[in-house]
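Hello,

Here is the structure for you to look over. My notes follow below it.

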Amino acid sequence: MYIYSKALKEMEKKINIIKYDYEYLNKYSSIDHVMSRIKSPESLLNKMKLDNLEFTYSSMINNINDIAGIRIICPLKSDIFTMRKYIEEFNDITVIKEKDYVTHPKPSGYSSYHMIVELPVFVDNNLNNVKVEIQIRSLAMDFWASLEHKIKYKPNGEVNEDLSKELVKCAKEINKLDNKMIKFFRK
Ligand code: 0O2
């Protein structure tokens, strides 16, 4: 997993450069904070089981895109697409896949922008192209997603239909607040 940790460090460096430049040029920080993680062995196995994958190393590295994951939390919803643009502009990064759950939230109410990117990582002078999942979301989206995740994975925590509907309602209200906050910033 060393190579994935190294990929995360490289990606974090790039995000810090974006943050530094953007703050200098715009006197505003479009990044609140950044979190990163290597997927746990338990979570990896679960995903491989769910996707009916063969339990081999090559099957894992070829099919699981989020072994290395980084989350960028932006103050405002409108910062998300600014971040995406800056990431795409790095010429050593290849964007492999994008999912826009900001424009089209998931049925659960989940909202976030996902990118799978590939970046070069050198270990002992050997080049490896390593995939990293980047999730970009607003503070408000992160508030909802973190709590919903906790509710779902609570011991004995079952999300019945009523609770699911309530969570979708909350996500819609949060989206309204996110839109309002953009307007306040423009004043
Ligand atoms: P963890 O513990 O966060 O890593 P892909 O193979 O990438 O095409 P996948 O994996 O279904 O397909 O990707 P998708 O839809 O882009 O979403 C993957 C990740 O998004 C999840 O990772 C969560 O982090 C987050 N996510 C997706 N849907 C929801 C949701 O309804 N609620 C919350 N709270 N988070 C969500 P993992 O692997 O599930 O978990």
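By class, how many nonpolar, polar and charged residues does the shell around the ligand have? There are three nonpolar, four polar and ten charged residues. Here Ala, Val, Leu, Ile, Met, Phe, Trp, Tyr, Cys and Pro count as nonpolar, Asp, Glu, Lys and Arg as charged, and the others, Gly among them, as polar.

First, the ground rules. This is a predicted model, in which local features need pLDDT of at least 70 and side-chain atom pairs count only at pLDDT 80 or more, while totals for chains, interfaces and linings use all residues. Residues are numbered from 1 along each chain as its sequence is written, and side-chain values use heavy atoms, leaving out hydrogens and water.

**The ligand**

The shell holds 17 residues, each with a heavy atom within 4 Å of the ligand. Lys39, Lys47, Lys97, Tyr101 and His114 come nearest.

- Lys97: a polar side-chain atom lies 2.5 Å from a ligand oxygen.
- His114: a polar side-chain atom lies 2.7 Å from a ligand oxygen.
- Gln135: a side-chain N or O atom is 3.2 Å from a ligand oxygen.

Alone, the ligand exposes 770 Å², and the protein buries 75% of that (Shrake-Rupley method, 1.4 Å probe). Helix H5 (139-153) and strand E3 (94-100) each give two or more residues to the shell. H5 gives the most, four residues. Helices are DSSP runs of at least four residues, strands of at least two.

**The pocket**

The ligand sits in the largest pocket, with more than half of its atoms within 2 Å of the grid points. A pocket is an open set of points on a 1 Å grid where a 1.4 Å probe fits, with protein on both sides within 12 Å along at least five of seven lines; lining residues have an atom within 4 Å of a point. The space is about 1,400 Å³. Of 38 lining residues, Lys39, Asp66, Glu133, Gln135 and His149 lie nearest the centre. H5 supplies the largest share, seven residues.

Best wishes

Terms used. Polar contact = N/O pair within 3.5 Å; in protein donor to acceptor, adjacent residues only side chain to side chain. Points joined across faces, edges and corners; volume = space filled by probe spheres on them.
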